[in-house]
Protein chains: 2
Amino acid sequence: MTIKDIAALCGVSVSTVSRVLNNHPDVSAQVRSRVMEVVQANHYIPSNSARDLVRTRSDAIGLVVRGTANPFFAEVLKTMEAKVTEAGYTMVLHQIGTCGDELQAGAMLERDKKLRGLLLLGGRSDYTKDDVAALNVPFVCCTYDNSYGTLGEEEYSSVSIDDEQEACRAVKSLIGKGHRRIAALISARNDRSISELRYGGYRRALKEAGIALDETLVEETGSFQMPEAYEAMERLLRRTGEFTALFAISDAMAVAAIKALDDAGRRVPEDCSVMAIDGITMSAYTLPTLSTLIQPADQIAAEAVRILVDRIEGRAAGRHVQVDTILRPGRSVCVKQE
Amino acid sequence: MTIKDIAALCGVSVSTVSRVLNNHPDVSAQVRSRVMEVVQANHYIPSNSARDLVRTRSDAIGLVVRGTANPFFAEVLKTMEAKVTEAGYTMVLHQIGTCGDELQAGAMLERDKKLRGLLLLGGRSDYTKDDVAALNVPFVCCTYDNSYGTLGEEEYSSVSIDDEQEACRAVKSLIGKGHRRIAALISARNDRSISELRYGGYRRALKEAGIALDETLVEETGSFQMPEAYEAMERLLRRTGEFTALFAISDAMAVAAIKALDDAGRRVPEDCSVMAIDGITMSAYTLPTLSTLIQPADQIAAEAVRILVDRIEGRAAGRHVQVDTILRPGRSVCVKQE
């Protein structure tokens, strides 16, 4: 008795029988029940080694979220789960801190959950061949690419904004309002990731406008979390008040910075304009509404799942999608006051 | 060759072999590999019907989140995932809208993913025996109980705050500051769930203070989302400005309400005090800091997972845990101005 015999007895294709046996959701309840009846009536054993029996192919796609306190990631996650389910897979979620190792976490998840593919939401941008060698399934880097790494285009997939370019655009929008003393709130100057890229965009915008970089206006938070951003802003304000605008590399950091500015008696935007990147729902309702470049969370999530499923199902090699941000003007930026 | 023979050959217990065959993570890599070697060398078939072979016991715990835009749920989810993993299970996430049917979604997830148990994060509080009949695994209601339902104590588990009591406390804190014209921003008067319970607490606080209920001060949002809360607050403000304080049933709704008040030229707290329930991270950094009763997200998540795992592993029947909120004073409430 082979899988072909079962398929013939059921009047369905071999791949349908296989999908039923592997518990793939993309089969109607009616077909599933007919196939299982025939399988059981014939005492069919779906494979000839115990190993294969136990290791039936799973339908799991892993999602490793690096930096769980990031509200932007919560917005991406929502669409990812819907799209993974829609594609007939199960999403297995694992969350790590901003300092965690997403590749190690992904490799462990892959082994434990027999993943078919992996979505990495947040991560380092400096992977080498060795770094990703432990991953035996297709993976997609979401919200970051491999700017500082050595992987070839074919060796990975990614969906992200152009972080350097968008940061440059954000800072130029402040320069366009007459600001020249523009502070920067970043996670780290050299994280080989989003913070370094956006800091690079900040520096380029200044340079192209003929403004010298003043390192005393740059403060590092060491994380993307709000309490750390608030404290970093306090440090900056203790060191210098000599700026009329602030560029924060994330919405959550900007909201915390506005709080610190307000607690120090500086009104936003009158005393300090604030511009960010992310566009989370909450920052549309803060006082003042945050001016920011919106990263399209739904589009990033949908593209990432589409690319991963294409790779799992053998329809594509490594692909790279760059999405555009959308300016939300908000009320946290104004023309430089005389 | 039976599972007992394999266990004897490996020098481990039958349950260890079973855990290996079922891919349960609670086994060391070393033991797992020894057992699989023996299984393969002996061509052991781990069960005697194809049905059982295909339907090996999974290690999946389902989490159905009802109302994905709720930032409080994002904070609970983080700890839940960590605790589920720690307990040796895999969390399978499924998200539905605030109007979705969590029991139907849970039953489908149970069938598709062969769940061992189910966490319901957000849901109706009026389940009947018939409603939960489709669930064949233990489940825990998180952040709600069954106040309006007919289930016996033994027929379900829950972890929540005392919504009616905590809402009453929040409103009494406003009355304590001299406010008597207190508006309420709720999701719905009769949702047989959290909104109705918290609205009940609002009414009781007024009653106990000898303040007559004024229905014109109550506005329904129809959801827990910020855009709807903002619009509801606009409707309330168009109808009447005759209040000095507002009780909002969630932090996110309160933040949107403060925005609407500000846009209408009413300062918080000078012109209107605002008090809420939830205690999300973001609302500690809004202007002004939101005064709220903090629901302990980590504790709710940890208790829920503990109860569910105890039930899955046969150590307990239905259990009910009620957790206390913690007051975060904030700066959105002040003494009623003369």
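Student: Which residue in strand 9 of chain A does Phe247(A) stand opposite?
Tutor: This is a predicted model, where local features need pLDDT of at least 70, side-chain atom pairs count only at 80 or more, and totals for chains, interfaces and linings use all residues. Side-chain values use heavy atoms, without hydrogens and water, residues are numbered from 1 along each chain as its sequence is written, and chains are lettered from A and ligands numbered from 1 in the order written. Strand 8 (residues 245-248) and strand 9 (residues 273-278) of chain A run parallel, joined by three bridges; strands are DSSP E runs of at least two residues, helices H or I runs of at least four, numbered from the N terminus. Opposite Phe247(A) stands Met275(A).

Student: Which are the edge strands of the open sheet?
Tutor: The sheet has six strands in chain A, in the order 7-6-8-9-10-12, with mixed pairing. Two strands pair if DSSP finds at least two bridges between them. Those pairing on one side only are strand 7 (218-220) and strand 12 (326-328) of chain A.

Student: Are helix 1 and helix 3 of chain B parallel or oblique?
Tutor: Their axes, lines fitted to C-alpha atoms over the stretch in contact (heavy atoms within 4.5 Å), come within 10 Å and cross at roughly 125°. Angles run from 0 to 180 degrees between N-to-C directions. Under 35 degrees is roughly parallel, over 145 roughly antiparallel, 65 to 115 roughly perpendicular, the rest oblique. Therefore helix 1 of chain B is, relative to helix 3 of chain B, oblique.

Student: What ipTM does the predictor give the complex?
Tutor: Two scores are given for the complex. The pTM is 0.82, and the ipTM is 0.80.
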